[in-house]
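Please keep the sequence and the model side by side while reading.

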Amino acid sequence: MYKVHKSPLKTRPVVSDCASIVHPLGKWVDTQLQPMAKSMPTYFQDSFALKELLSITSIPIGARVFTSDAVAMYPNIKTDIALPRIATYLRDPNTRRQFDHYHPEALIRALEIVMYRSIVRFGDTYRRQISGTMMGTPCAPPWANLFQGLDERNTIIPQYQINLPIFVRFIDDIFG
């Protein structure tokens, strides 16, 4: 996929896994993770939600506004780091009370299969993602939102909330 808005022009590999054997499992994982990812305090759905947030939030005089874009977010989310962090969250009793629609061990095992065992065909070759998050798998967006959201909820917000009346993110785009 070409990133035509970048200078110099950049590309990134996006391979659909819709014909892979783990695709249905990835779709199920997506539906399981979506409510949790959307519950993160920094999550926003789209530009309309951002506009609504800005209309009801008072920004102090003299405040500075910033935006940020994570570079190569999906490939930089290392599975060996993200999976244990997300698994801890899924097993947490508070998470279980808030979301009663999932079985933690089944969802964690499904995540392991999707993140470590996805094989896709590109032309006449077959490939397996060995590091990072494969773009094109259905559960990549909520996986990334949950991983980043947990870090923001546990680290950035507690430490900097007094200086950040607004801090929201749409996958890899941050507004503060």
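Strand 4 (residues 119–122) pairs with strand 5 (residues 125–128) in the antiparallel sense, over 4 bridges. Helices and strands here are DSSP runs, numbered from the N terminus: a helix is H or I with at least four residues, and a strand is E with at least two. Two strands count as paired if DSSP finds at least two bridges between them. Within this pair, Arg121 stands opposite Tyr126 in strand 5. The hairpin of strand 4 and strand 5 has 2 residues between the strands, and Gly123 takes a positive phi near 65° there.

The structure is a predicted model, in which local features need pLDDT of at least 70 and side-chain atom pairs count only at pLDDT 80 or more, while totals for chains, interfaces and linings use all residues. Residues are numbered from 1 along each chain as its sequence is written, and side-chain values use heavy atoms, with hydrogens and water left out.

Strand 6 and strand 7 (residues 173–175) pair over 3 bridges in the antiparallel sense. In this pairing, Val168 stands opposite Phe175 in strand 7. In a regular strand, side chains alternate between the two faces of the sheet.

Next comes a residue in a helix. Thr95 lies in helix 5 (residues 93–98). Is Thr95 buried or exposed? Thr95 has a relative accessible area of 4%, so Thr95 is buried (buried means under 20% relative accessible area, exposed over 50%, and partly exposed in between, with a 1.4 Å probe and protein chains only). The side chain of Thr95 reaches the backbone oxygen of Tyr89 at 2.8 Å. Leaving aside neighbours within four places in sequence, Thr95 is in contact with Tyr89, Leu90 and Tyr102, where contact means heavy atoms within 4.5 Å.

How many salt bridges does the structure hold? There are 3 salt bridges, each defined as a side-chain nitrogen of Lys or Arg within 4 Å of a carboxyl oxygen of Asp or Glu. Glu105 forms one with Arg91, and the closest N and O atoms are 2.7 Å apart. Glu105 is in helix 6 (residues 104–117) and Arg91 in helix 4 (residues 79–91), so this pair ties together parts that are 14 residues apart in sequence. Glu105 is partly exposed, at a relative accessible area of 39%, and Arg91 is partly exposed at 43%.

Arg109 forms a salt bridge with Glu112, with 3.1 Å between the closest N and O atoms. These two residues are 3 residues apart in helix 6, so about one helical turn separates Arg109 from Glu112. Arg109 is partly exposed, with a relative accessible area of 47%, and Glu112 is partly exposed with 26%.

The side chains of Arg169 and Glu152 also meet in a salt bridge, at 2.7 Å from N to O. This pair links distant parts of the chain, since Arg169 is in strand 6 and Glu152 is in helix 7 (residues 140–160), 17 residues apart. Arg169 is buried, with a relative accessible area of 2%, and Glu152 counts as buried at 2% relative accessibility.

Terms used:
A polar contact is a pair of N or O atoms within 3.5 Å; within protein, one must be able to donate a hydrogen and the other to accept it, and residues adjacent in sequence count only if both atoms are side-chain atoms.
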